[in-house]
Amino acid sequence: MEALALLIAATLNAGTVLALAALGLLINEKVGVVNLGAEGLMLCGALAGFATVVHLGVHPLGFVAGMAVGAALSLLLGWLVIYLNTNQYATGLALSLLGAGLSAFAGQPYTQYKLPELAQPQVPWLADLPLLGPALFRHHALVYGAVALALALMWLFDRTRTGLVLRAVGESPESAHALGYPVRRIRLAAVAVGGALCGLAGAYVSTVYTPLWVEGMIAGKGWIALALTTFATWRPARVLLGAYLFGGVTMLQFHLQGMGVQIPSPFLTMLPYLATVAVLVLISRNPSWIRMHMPHALGKPFHPGG
């Protein structure tokens, strides 16, 4: 029972990183912008958050710094793809490479630091429940924040006028423009918010999940988060469930090793990526189902009056 509780707790922690980043990318894609720079954004957010906590000693400021850096780099992406109409895929890949190189260079002085682990938070009364307590009610506030964010986005996209406008910008930007909505500014704001969430996910990794800085520490989580948006068919609740699924697969490798299961470690390390590929292959068997849920203007430039 204790091992099961530890596995569930580890799954929620690992899934939170993916959920925050994937929900940010979902916001981007809802308005028609593909952001392939998530890996770089998360790396820069991780470094910014870690450096801020090292110098100031305040974890919440680390999260703010991570979000600020993620938003700033995303605004650069937004300016290029929304106003200059550069190719979204090539620009996103360039941003990912920029983030990886920039974080590696600027992060060299911080490899010698390690943050003290935070005291384990507990939800009063519920944390003492057998099995459920250690599994569900002894987590950092951002673990619960990711769930709240997914629920908030469900409400935003399905129940509010703002969500309707965002969806219209992603489905038919020409129609939204004809109705008087500033499509480019809306897209730019959505890109900044999505980038801030990627930066927050990176800061969570370096200050809470593994409180240290190592070059390339995001280790492909940005790409998995990107795949999650397709896996979830652009629905926030499914993004959250998918994040926990992939988080569980990631943590399972460590638990199997701890239990002495005789499986080659390289294969266990491959599990999260194999699961990502397998899920995308299964989804791709029905292209019409993907097209039915995908924002129609996804990845396409918008030319006002064109």
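Buried means under 20% relative accessible area, exposed means over 50%, and partly exposed lies in between (1.4 Å probe, protein chains only). The model is predicted: local features need pLDDT of at least 70, side-chain atom pairs count only at pLDDT 80 or more, and totals for chains, interfaces and linings use all residues. Residues are numbered from 1 along each chain as its sequence is written, and side-chain values use heavy atoms, with hydrogens and water left out.

**Exercise 1.** Classify the aromatic pair of Y110 and Y113, and assign the accessibility class of each residue.

Solution. Rings of Phe, Tyr and Trp (its six-membered ring) pair if their centres lie within 6.5 Å; planes under 30 degrees apart count as stacked, over 60 as edge-to-face and the rest as tilted. By this rule there are two aromatic pairs. For Y110 and Y113, the ring centres are 6.1 Å apart and the planes stand at 40 degrees, so this pair is tilted. Y110 has 15% relative accessibility and therefore counts as buried. Y113, at 36%, counts as partly exposed.

**Exercise 2.** Classify the pair of F231 and F246, and locate both residues.

Solution. The centre-to-centre distance is 5.8 Å and the angle between the planes is 70 degrees, making F231 and F246 an edge-to-face pair. Helices are DSSP runs (H or I, at least four residues), numbered from the N terminus. F231 belongs to helix α10 (residues 221–231) and F246 to helix α11 (residues 236–258), 15 residues apart. The relative accessible area of F231 is 22%, so F231 is partly exposed. F246 has 3% and is therefore buried.

Note on methods
Helix = DSSP H or I, 4+ residues; strand = E, 2+ residues; numbered from the N terminus.
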